[in-house]
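Please read these points with the model open beside you.

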Amino acid sequence: FIQMLRGAKRRDVLQLLRRAPEEARPFLVEAAVATQSVASLAALSDFLDFSQEPKSLLEKFLYAAAFSPRPSGELLQLVLDKLDGKQLAPEIWETGIVAVGSLVGKLCQQRLCGLQVVERGVETILRGLRGAQEEPRVVVSLLALGNARLPETIPTLLEHAEDGPTAVTTAATSALQRFPAPHISSKVKQVMRRIFHQKRKSYDKTCRLAAAEILLDSHPLPMDVINILLATPEMDTEVATFLLLKVQNSLRDHHHLARKIMKDIMGDPRINNYNFFSKAGISSSFSGPLAVTQDLTSTFGLDLLFLEGGFLRKSVSDFSLLSHGQRLRAAQVTFEAQGMESMMGENLSEGEEEPELMAGMAATFLDVQLRPVVFFQGYTDLMAKVLLSSTEPTSVVRGNLLLMDHHQVIPLQSGLQVTVKLQGGLGLDIAADMDVSIWEQELKTSVNARGSLAMDFQAELDSPLLQATLRSQTEVETSIHFDTKLRFSSSPVLMCLQLREEQVPYR
């Protein structure tokens, strides 16, 4: 379909979009974005009216742009023009800013950072951050900076990480975690130390843990590792348990940047002893390989942080790909519930502010952070959701993406030429759900990810003397279901985890 659209004129693409049945339009919009021809982008500009189109179609367009493997400056220009100066629904503005961050980051990876449209994109995010009156807008702008991963925005992220309220600090530190280790400078580490050791004010436990992870994951100094370990006896049992398991995980992970330093420190019996590593909390942190080949390692990681009373505070399930020192977060889903301490009758740590009751979800797919989803905010909203709970899971992302699009002409020594074409598309459906039952005293979370990958390879030799074509088509389908169920009516808390991977048809 993309190959057909590449040869189409603007009016033909526009006619196709306008005359298509409603259920086919999302697919056509995704294909037009993937085509990225002048005609298809001009047709999209005419067709999409951000004040009238249904939100679902606009989100499809914005996410298709965000996931584009090699976006053009014209695609970013189109997104910015559609977002500029209009009264948009909050979720469309948030999705748009996240998409702008992703497009800016990918254009800079192609060494196109100097384009005027890229500078406009960065300014749009920073202007949104400066002018944001509400916390959700600040959070989404910071996540967009995390998608862009521009070193010049690190000071802005550090400022919000150290001085902002809990949600802002969490968003800024999670954006900083997206930067590769060379960009985690001594200044970044200095701020992370102040957050972890609470030098200026009290921070939420999740913010302190994120700061510790940045220090541990980016060529850490031995003194940082020792100081983090020495701080664990003063922490809540659950936080200390989680942190110590993180350290032990890095020892088992052959790719971890801190593995050698950790091994050296663990040689010291003053650190590596029963007193330190005997914390009896139920929080856990695990990561291990799903599949390993010579060039690629696929890993699954699961972090579960509990409150002292046994309620789940945060869970992170992560599927990553590691290849030649590069890491791609294929899919990461985070569930977070805060403010449950008062409902469970727990006391807050000294100096810690009581957070608002809230549960939500954040997802990263193919290294693109998506707009966060809030399940409920405030006690009234929670009770409404409990009484009117639906069985429908929340769709995180659904659609078709062009993963690769390669065209190359290779001259042979004989003087002949071979034309090589490679295209790869991904059909994807990720849905997640969180169900809190106050009456049963249960918490259930589920992540369902289904995907199908299609690849088309063609090599063609064409000369007056002979013609030869080699073609291969590959299709893979897979689905992964990850469920957690917690029952905190009794002590100890009962917990069931299930990871199901259905059989993978490979053609």
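1. Start with helix H6 (73-83) and its surroundings. In this predicted model, the buried residues of H6 pack against H3, H4, H5, H7 and helix H8 (116-131). Those buried residues are Gly73, Leu75, Leu76, Leu78, Val79, Leu80, Lys82 and Leu83. That makes 8 of the 11 residues of H6, so the helix is largely enclosed by the rest of the structure. Note that Lys82 is on the buried list.

2. The buried set runs as follows: Arg25, Leu28, Val29, Glu30, Ala31, Ala32, Val33, Ala34 and Thr35. Arg25 and Glu30 are included there. The cover over these residues includes helix H1 (2-6), helix H2 (10-19), helix H4 (38-47), H5 and helix H6 (73-83). Strand S8 (394-411) is also part of that cover.

3. Look at the end of H3. The helix is followed by Gln36. The phi of Gln36 is positive, near 55°.

4. How do H3 and H5 cross? Helix H3 covers residues 25-35, and helix H5 covers residues 55-66. Their axes come within 9 Å and cross at roughly 25°. An angle under 35 degrees counts as roughly parallel, and H3 and H5 are therefore roughly parallel to each other. The crossing of H3 past H5 is right-handed.

5. Now the residues at that crossing. H3 brings Arg25, Pro26, Val29, Glu30 and Val33. H5 meets them with Leu57, Lys60, Phe61, Ala64 and Ala65. Sorted by class, this contact has 7 nonpolar residues, 3 charged residues and no polar ones. Of the H3 residues here, Arg25, Val29, Glu30 and Val33 are among those buried. An α-helix has 3.6 residues a turn, so residues three or four places apart point the same way.

6. Compare the pair H7 and H9. Helix H7 spans residues 90-109. The two helices pack at an angle of about 20°, and their axes are 7 Å apart. H7 and H9 are therefore roughly parallel to each other. H7 passes H9 in a right-handed crossing.

7. Which residues of H7 and H9 meet? From H7 come Trp93, Glu94, Ile97, Val98, Gly101, Ser102, Val104 and Gly105. From H9 come Pro136, Arg137, Val140, Ser141, Ala144, Asn147 and Ala148. By class, the contact has 8 nonpolar, 5 polar and 2 charged residues.

8. Follow H9 into the next loop. Thr153 lies between helix H9 (135-148) and helix H10 (154-163). Is Thr153 buried or exposed? Its relative accessibility is 3%, so Thr153 counts as buried. Setting aside neighbours within four places in sequence, Thr153 is in contact with Leu145 and Phe179.

9. Check the cysteines. How many disulfides does the structure hold? There is 1. Cys108 and Cys113 form it, with their sulfur atoms 1.9 Å apart. The link of Cys108 and Cys113 is right-handed, with 85° about the S-S bond. Cys108 is buried, at a relative accessible area of 16%. Cys113 is partly exposed, at 34%.

10. Two further cysteines deserve a glance. Cys207 has 1% relative accessibility and counts as buried. Cys496 has 45% relative accessibility and counts as partly exposed.

11. Gln198 is not a glycine, yet has a positive phi of about 50°. Gln198 sits in the loop between helix H12 (186-196) and helix H13 (205-217). With 27% relative accessibility, Gln198 counts as partly exposed.

12. The other is Asp367. Its phi is also positive, about 65°, although Asp367 is not a glycine. The loop here lies between strand S5 (358-365) and strand S6 (368-369). Asp367 is buried, with a relative accessible area of 17%.

Conventions. Residues numbered from 1 in each chain as written. Predicted model: local features only at pLDDT ≥ 70, side-chain atom pairs only at ≥ 80, totals over all residues. Heavy atoms only, no water. Axes fitted to C-alpha atoms, helices over the stretch in contact; angles between N-to-C directions. Helix = DSSP H or I, 4+ residues; strand = E, 2+ residues; numbered from the N terminus. Parallel < 35°, antiparallel > 145°, perpendicular 65-115°, else oblique. Left-handed = near helix turned anticlockwise from the far one by under 90°. Contact = heavy atoms within 4.5 Å. Nonpolar A, V, L, I, M, F, W, Y, C, P; charged D, E, K, R; others polar. Disulfide = S-S within 2.5 Å. Buried < 20%, exposed > 50% of the residue type's maximum accessible area, 1.4 Å probe, protein only.
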